[in-house]
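Morning, everyone. I have one structure to walk you through today.

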There are 2 protein chains.
Amino acid sequence: MSAANAATPAFVAVDWGTSSFRAWLMAADGTELAESRGGEGMLHCATSGFAPVLRDHLGKLGASADLPVLICGMAGARQGWVEAPYLHTPTRLDALHAGAVSVETDGDVRILPGLAQARSHQPDVMRGEETQLLGVTESDFSGLVCIPGTHSKWIRIDAGAVIDFATYMTGELFAVISQHSILMHAVEPGAAAEDGAPFRAGLASALGAPTALTNALFRLRAAQLLGFSQRADGAAHLSGLLIGSEIADARAQFGDHLPLRLIGAGRLGSLYREALVASGFNLSECDAEQASRRGLFKAARQIWGARF
Amino acid sequence: MSAANAATPAFVAVDWGTSSFRAWLMAADGTELAESRGGEGMLHCATSGFAPVLRDHLGKLGASADLPVLICGMAGARQGWVEAPYLHTPTRLDALHAGAVSVETDGDVRILPGLAQARSHQPDVMRGEETQLLGVTESDFSGLVCIPGTHSKWIRIDAGAVIDFATYMTGELFAVISQHSILMHAVEPGAAAEDGAPFRAGLASALGAPTALTNALFRLRAAQLLGFSQRADGAAHLSGLLIGSEIADARAQFGDHLPLRLIGAGRLGSLYREALVASGFNLSECDAEQASRRGLFKAARQIWGARF
């Protein structure tokens with residue numbers, strides 16, 4: 001790799017989610033040269049179109065027209081820009097690039113596929129997280145990966161291949177329960193869960209009685225009515241309950257003996273770190289955006305190797 | 001008891017819930033002489049007042065001004081008409097009448113108290129169900145009672161005394177998840193859960209993996225994306241998952257060796273009957289409205305015995 005390569009743009013990496021867009025101008029050595037982000041996720045583009053949004057961001061990045069673009073995430077969903085059919089588990093992560101579909105637009109634009117677990121009793125899907133997995137694992141990695149979020153993912157990987165995975169509606173349940181159920185009276189509007197005693201109490205409750213979630217939710221409200229706890233602690237307690245439920249079941253499904261990588265960010269990453277350590281996991285951490293960029297870079301190098 | 005008593009109104013029984021009002025003109029032998037119902041629940045009356053609503057319904061029932069009125073339910077909540085402080089568990093059901101509070105209004109109007117389980121690790125409350133319990137149990141009853149609903153209740157009773165109970169947010173979670181989460185795409189709008197194969201599949205899933213609820217919710221969506229199931233089956237499957245989660249945990253908390261009374265009604269009662277039998281419970285059934293009326297009658301006889 002020459003010094004010139006390190007400063008020269010090699011491709012554009014795009015993480016195109018449901019409600020967010022992030023693009024990075026990348027050098028041949030994986031260095032990030034520029035970034036452009038916005039709220040034009042799949043839901044936005046489904047009505048206004050995908051091509052103009054990409055063009056705008058390429059302009060902001062100062063990317064030349066001949067630079068290839070590699071996209072991961074919901075842009076490849078059926079209701080996205082162009083469908084990139086799921087790869088089915090088990091599948092090697094370094095085979096992702098082979099499932100990329102080309103978009104009929106200006107330049108060389110490709111979208112990476114998601115993964116599907118097409119088993120009737122454990123059906124599951126992901127779009128975007130598979131690229132993060134590629135980013136944070138070596139080609140012979142074996143272990144578990146946890147990716148917290150609206151729909152948290154737990155993935156079991158063996159020698160670089162995704163064996164199986166499970167999605168938990170943790171983040172989305174936090175939002176709908178705190179905004180639309182009777183627990184709206186038990187959680188401060190707009191409150192974010194903080195690390196601390198109420199979070200740990202919710203966590204301990206869920207880990208100790210992992211089948212009792214729908215009872216524990218009502219008890220959160222009853223505890224406040226009876227003066228055992230305060231509304232100010234509601235968000236953290238609810239978060240502890242939901243994250244604890246997720247971890248208790250993931251431990252039952254996948255065990256806690258494998259090394260675990262946590263792909264987290266910010267406050268949510270901190271909450272999961274505390275919860276996973278309290279649950280007995282031995283973990284290492286990776287930043288979520290770095291994981292996406294690194295995964296797009298690895299796949300891009302496989303697709304356009306001659307440019308790197 | 002004379003024949004005249006049987007046809008003469010003795011008191012008015014009122015079940016005043018969060019969003020519904022039901023009143024019955026009752027004879028001294030427990031016969032229902034007339035009924036009046038409406039949507040003026042606690043939420044409605046909190047702004048428009050309780051006394052005018054009661055007066056209207058007493059008029060519709062043709063109740064004379066000197067007839068006493070006994071109320072159960074949310075009218076006795078802190079945000080209701082007059083607070084009827086909770087009785088604390090353990091408490092005998094035939095002591096409910098002693099906790100009734102009188103309302104300062106025209107005539108003799110009293111509100112029965114709810115029950116509270118004031119334990120810091122298992123806080124819980126009920127208002128209205130305690131009266132149904134009184135209605136369906138003999139004074140020496142021992143066993144479990146299940147009352148399905150927005151907030152389902154499981155109650156353990158020993159020799160006529162409520163020992164402990166647990167509330168599950170089953171009905172409310174069905175509503176908020178099917179209306180406000182990604183599962184809105186997996187459930188037909190306004191669909192009601194039907195008894196059948198999808199319900200039984202959800203039930204079996206929850207009973208077989210009782211810690212996996214937040215994973216199973218996402219799998220419901222994934223199964224449709226991958227063609228394993230249809231949107232038309234989503235409501236029944238979701239209902240099976242939530243009811244199964246409730247039963248699996250109640251069985252863990254209370255055991256399945258005690259006789260169980262199910263206080264149900266309509267479609268929901270049928271779903272619970274099927275689910276409880278499939279879960280190994282030995283159950284008898286009572287109608288929910290009859291349970292309320294019968295409980296109000298038993299308490300009224302204790303309060304105004306001279307009239308009966």
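Start with the domains of chain A. This is a predicted model, so keep that in mind throughout. Chain A splits into two parts. Domain 1 takes residues 3–139 together with 289–307. Domain 2 covers 170–287.

How far apart are the centres of domain 1 and domain 2 of chain A? They are separated by 31 Å, taken over C-alpha atoms. And how many residues of each are in contact? Five residues of domain 1 of chain A meet five residues of domain 2 of chain A. On the domain 1 side, two helices each bring at least two residues: helix 4, at 129–136, and helix 10, at 288–303. Helix 10 of chain A gives the most, with three residues. By class, that side of domain 1 has two nonpolar residues, two polar and one charged.

Next, the contact between the chains. Chain A puts in 40 residues, and chain B puts in 40 residues. Which elements of chain A supply at least two residues each? There are two strands, strand 10 at 124–126 and strand 13 at 161–168. There are also three helices: helix 5 at 170–180, helix 7 at 213–225 and helix 8 at 234–254. Helix 7 of chain A has the largest share, nine residues. Look at the classes on the chain A side: 24 nonpolar, eleven polar and five charged.

Now the symmetry. Rotate chain A by 180°, with 0.0 Å of shift along the axis, and it superposes on chain B with an RMSD of 0.0 Å. The two copies are therefore related as by a two-fold rotation axis. Which C-alpha of chain A is nearest that axis? It belongs to T211(A), 2.4 Å away. Both copies use the same surface: 100% of the contact residues of chain A recur in chain B.

Last stop, a sheet in chain A. Three strands form an open sheet, in the order 5-9-10, with mixed pairing. Strand 5, at 87–88, and strand 10 are the edges. Each has a single partner strand, so one side of each is left without a neighbour in the sheet. Strand 9, residues 115–117, pairs with strand 10 in the antiparallel sense, over three bridges. Within strand 10 of chain A, M126(A) stands opposite L115(A). Strand 10 also takes us back to the chain contact, as one of the elements that supply at least two residues to it.

That's my tour. Thanks, everyone.

Terms used: Residues numbered from 1 in each chain as written. Chains lettered and ligands numbered in written order. Predicted model: local features only at pLDDT ≥ 70, side-chain atom pairs only at ≥ 80, totals over all residues. Least-squares fit on C-alpha atoms with pLDDT ≥ 70 in both. Contact = placed C-beta atoms within 7 Å. Domains from an automatic or database assignment. Helix = DSSP H or I, 4+ residues; strand = E, 2+ residues; numbered from the N terminus. Nonpolar A, V, L, I, M, F, W, Y, C, P; charged D, E, K, R; others polar. Pairing = 2+ DSSP bridges.
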